[in-house]
Amino acid sequence: MVKIQELYSLEHTLAKDYLLQYEYPWQALKGIHELILQLIDTLDEHYKQVSEGVYVHETAKIYPNAYLGSPCIIGPRTEVRPGAFIRQDALVGADCVVGNSTELKNVILFDHVQVPHYNYVGDSILGYYAHMGAGSITSNVKSDQTLVVIQDQDQRYETGRKKVGAMLGDHVEVGCNSVLNPGTVVGCDTNIYPLSSVRHVIPAHSIFKDQNNIVHKK
């Protein structure tokens, strides 16, 4: 339920070989910077360097006033819309949308991910066709600044990291203005109601109405 190969279709990211080194997705957060630098050396001629450490596929559309920090890779047919703030260490796949006033930092976005309106996504991995509704964010630091622990019912996973956002499996839908608390893991094909505060591990193929009301899809 929390393992990389249970959450993600790995053929839909340039990070496939990198992710296969790990059992759990949060283990991969530490090396995203180095991963992107290594991938830059393998990109084909359709990726163009637009500034130091920033590579954009020739079919991607970067709107005026979007900021692309280094290093990052923007995939084919992806849109980075006005006011987007890609701080650094972002691997963005094909056919994605990074929307107005959306901020990315230390992330892997699989193909077809949409973070289109006023989203913050930090220290997170978003799977194939994951979508975050307007205003939804990944909170990546606990208020008491202690290390993040992943809680899956009676199982606890010590991440050893102060910053862990959310791990969203393939085809996850996050409702508008929801907060994914540090260390949230959402299984594939799960829907999160709008205005939710989500924490811990949410099962695949579920509907999250609130923390005490999670139902399996029929």
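1. Nonpolar core. The largest nonpolar core holds 65 residues, and Leu-19, Trp-26, Leu-104 and Leu-168 touch the most other members. Such a core is a set of buried Ala, Val, Leu, Ile, Met, Phe, Trp, Tyr and Cys residues joined through side-chain atoms within 4.5 Å. Buried means under 20% relative accessible area, with a 1.4 Å probe and protein chains only. Helix H3 (residues 32-40) gives the largest share of this core, five residues. Helices are DSSP runs of H or I, at least four residues; strands are runs of E, at least two; both are numbered from the N terminus.

2. Basis. This is a predicted model: local features need pLDDT of at least 70, side-chain atom pairs count only at pLDDT 80 or more, and totals for chains, interfaces and linings use all residues. Residues are numbered from 1 along each chain as its sequence is written, and side-chain values use heavy atoms, without hydrogens or water.

3. Leu-168. Leaving aside neighbours within four places in sequence, Leu-168 has contacts (heavy atoms within 4.5 Å) with Tyr-8, Ile-125, Leu-126, Gly-127, Ala-130, Met-132, Val-174, Leu-180 and Val-186.

4. Cysteines. The whole structure has zero disulfides, a disulfide being a pair of cysteine sulfur atoms within 2.5 Å. For Cys-72, the nearest cysteine sulfur is that of Cys-96, 12 Å away. Cys-72 is buried, at 0% relative accessible area. For Cys-188, the nearest is again that of Cys-96, at 16 Å. Cys-188 is buried too, at 15%.

5. Ser-206. This residue sits in strand S23 (residues 206-210). Ser-206 is buried, at 3% relative accessibility. A polar atom of its side chain lies 3.1 Å from the backbone oxygen of Pro-203.

Notes:
Buried < 20%, exposed > 50% of the residue type's maximum accessible area, 1.4 Å probe, protein only. Polar contact = N/O pair within 3.5 Å; in protein donor to acceptor, adjacent residues only side chain to side chain.
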